[in-house]
Amino acid sequence: MKTIITANGSDVNATLDPRFGRCEFFCILDEETGETEFIENKAKLQSSAAGTTAAETVIEQGVKKVISGDFGPKAKSLLDRFGIQMVILKDEGQIIANVINSITGK
Amino acid sequence: MSFKITVASGKGGTGKTTVATNLYWSLVKNFDNDTLLVDCDVEEPDDLLFFKNAILRSEVKVTQAVPEINTSKCTYCRKCVEYCEYNAITVIPPVQYASIAPDLCHSCGACLYACQDDALIEKDHEIGLMSGYDVGFGKGLLEGRLKIGSAAQTPVIRRVKKEALDAASVILFDAPPGTSCSVVTSVLDADFVIMVTEPTPFGLHDLKIAVELIREMDLPFGVVINKAGLGDRAVYDYLEDEGIDILEEIPFNEEYARKFSEGMILSRIDKNYAIHYQKIIRKILEFKQQ
Ligand code: SF4
Ligand code: SF4
């Protein structure tokens with residue numbers, strides 16, 4: 001199963017980006033293998049509907065779960081529609097590597 | 001042709017509504033009974049609150065054509081998404097999802113042009129309400145009210161202005177506060193703009209921006225200083241330097257402010273206040289005859 005974590009940078013030492021729609025990168029994690037891939041969030045500079053466009057990317061990637069700090073109402077309803085689970089992490093300074101470890105249980 | 005006067009202000013809270021509703025009363029009583037008041041502050045129309053005897057005469061839904069995607073014809077090519085300047089369209093090909101957010105759509109029609117598969121159909125979408133009121137004197141009040149959640153201020157204002165067109169010999173528009181595009185739409189074709197300000201540093205700051213806008217639009221205007229006596233001389237110095245006409249100063253009066261906040265209109269208040277509005281009208285008429 002694949003999970004997306006919103007990240008401030010493009011490697012596992014980056015921190016969790018709390019803004020779903022305007023995050024810098026998406027970290028795509030394969031939970032079985034522990035492999036990660038980082039893609040840029042093309043919606044981040046959009047003047048409007050950034051949340052929707054970001055949700056679009058998430059849905060296209062075929063993931064089942066998204067981890068971020070906050071989701072806007074539009075992103076939420078779109079993600080909901082495709083049965084994608086949203087996880088809100090309030091601890092903003094978290095390093096991506098730690099988030100991954102807590103998921104994969106290492 | 002109607003004579004069109006628009007009351008504007010660079011910021012909220014200057015007493016623009018006070019001036020607009022009282023000026024309406026004065027115009028009807030002292031100048032021309034055939035005067036219509038139009039509330040263009042569609043986000044927060046409040047002129048109505050000052051007319052105790054208002055009776056609803058007509059109510060029309062204001063709609064905007066928003067395209068919808070027929071998913072049985074859509075090929076999920078995303079062409080429409082590329083054409084939409086307003087990010088209103090979401091198409092996700094792998095999951096065959098396509099939809100348009102009405103609150104982001106500006107009805108520009110670009111997507112209709114882009115779609116080669118005939119998958120887009122225009123549907124009417126409610127964006128606001130237009131209401132006409134009898135207020136007991138004059139031609140009454142025409143009010144535009146934006147539907148909650150809609151961002152289509154300018155289309156609602158345009159619709160209301162279209163309705164007002166030539167509906168009376170004098171039309172008094174109450175524009176929204178600020179300098180946004182909805183203000184531009186409201187003042188656009190005015191024969192005269194009355195800018196309401198207060199003599200405070202904030203008032204001055206916003207007045208300058210508003211004056212720039214009105215000058216850019218090349219419209220004749222004058223300033224009404226409301227709440228005169230409060231604040232300082234900076235607004236006066238600015239107006240003098242710029243050679244801008246002061247139409248009238250309306251002194252700040254606590255008792256009056258209190259009565260007004262209770263929704264009273266001039267007719268029931270101090271005669272001294274009525275004089276200020278008569279002076280404003282006289283100045284505008286002088287301008288008109290030039
Ligand atoms: S009409 Fe214009 S703004 Fe509305 S969805 Fe189509 S392209 Fe976007
Ligand atoms: S352009 Fe037409 S066919 Fe292509 S995605 Fe948009 S609505 Fe569907």
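Just after α6(B), B:Asp218 takes a positive phi of about 60 degrees. The model is predicted. B:Asp218 is found in the loop between α6 and β10 of chain B. Its residue type is not glycine. Most residues other than glycine have a negative phi. B:Asp218 is also exposed, because its relative accessible area of 68% lies over the 50% cut-off.

Helix α6 itself covers residues 201–216 of chain B. At 1.5 Å a residue, its 16 residues should span 22 Å.

With a relative accessible area of 11%, B:Leu204 is buried, because the value falls under 20%. Leaving out residues up to four places away in sequence, B:Leu204 touches B:Glu198, B:Ala234, B:Val235 and B:Tyr238. B:Leu239 is 35 residues from B:Leu204 along the chain, and their C-alpha atoms are separated by 9.6 Å.

Chain B as a whole contains nine helices and eleven strands. Its C-alpha atoms fill a box of roughly 70 × 45 × 40 Å along the principal axes. Of its 290 residues, 52% are buried. Contacts between residues at least 6 apart in sequence were also examined in chain B, and 75% of them join residues at least 24 apart. The chain is divided into domain 1 (3–53 + 135–289) and domain 2 (63–126). The C-alpha centres of these two domains of chain B lie 40 Å apart.

In soluble globular proteins, nonpolar side chains tend to be buried together. The largest nonpolar core here has 31 residues. B:Ile5, B:Leu23, B:Tyr24, B:Leu172, B:Ile194 and B:Ile280 touch the most other members. Two or more residues each come from β1 (3–8), α1 (16–30), β8 (170–174), β9 (192–197), β11 (246–251) and α9 (271–289) of chain B. Of these, α1(B) gives the most, with seven residues. B:Ile5 has contacts beyond its neighbours within four places in sequence. Its partners are B:Leu27, B:Val170, B:Ile171, B:Leu172, B:Phe173, B:Phe192, B:Ile194 and B:Ile284. A second, separate core has 23 residues, including B:Val193, B:Leu213, B:Phe221 and B:Tyr238.

Two ligand shells were examined. Ligand 1 is surrounded by B:Pro67, B:Cys84, B:Tyr86, B:Ile89, B:Ile100, B:Cys105, B:His106, B:Ser107, B:Cys108, B:Gly109, B:Ala110 and B:Cys111. This shell comprises nine nonpolar and three polar residues, with no charged residues. The shell around ligand 2 consists of B:Ile69, B:Cys74, B:Thr75, B:Tyr76, B:Cys77, B:Arg78, B:Lys79, B:Cys80, B:Cys115, B:Asp117, B:Ala119 and B:Leu120. Eight of the residues around ligand 2 are nonpolar, one is polar and three are charged.

B:Asn87 is another residue other than glycine with a positive phi, near 50 degrees. B:Asn87 lies in the loop between α2 (79–83) and β4 (89–92) of chain B. Its relative accessibility is 22%, so B:Asn87 counts as partly exposed, between the 20% and 50% limits.

A:Thr52 is buried, because its relative accessible area of 13% is under 20%. Not counting residues up to four places away in sequence, A:Thr52 touches A:Lys74, A:Leu78 and B:Thr90.

Conventions: Residues numbered from 1 in each chain as written. Chains lettered and ligands numbered in written order. Predicted model: local features only at pLDDT ≥ 70, side-chain atom pairs only at ≥ 80, totals over all residues. Heavy atoms only, no water. Near = heavy atom within 4 Å. Nonpolar A, V, L, I, M, F, W, Y, C, P; charged D, E, K, R; others polar. Core = buried A, V, L, I, M, F, W, Y, C linked by side-chain atoms within 4.5 Å. Buried < 20%, exposed > 50% of the residue type's maximum accessible area, 1.4 Å probe, protein only. Helix = DSSP H or I, 4+ residues; strand = E, 2+ residues; numbered from the N terminus. Contact = heavy atoms within 4.5 Å. Expected span 1.5 Å × (residues − 1). Domains from an automatic or database assignment.
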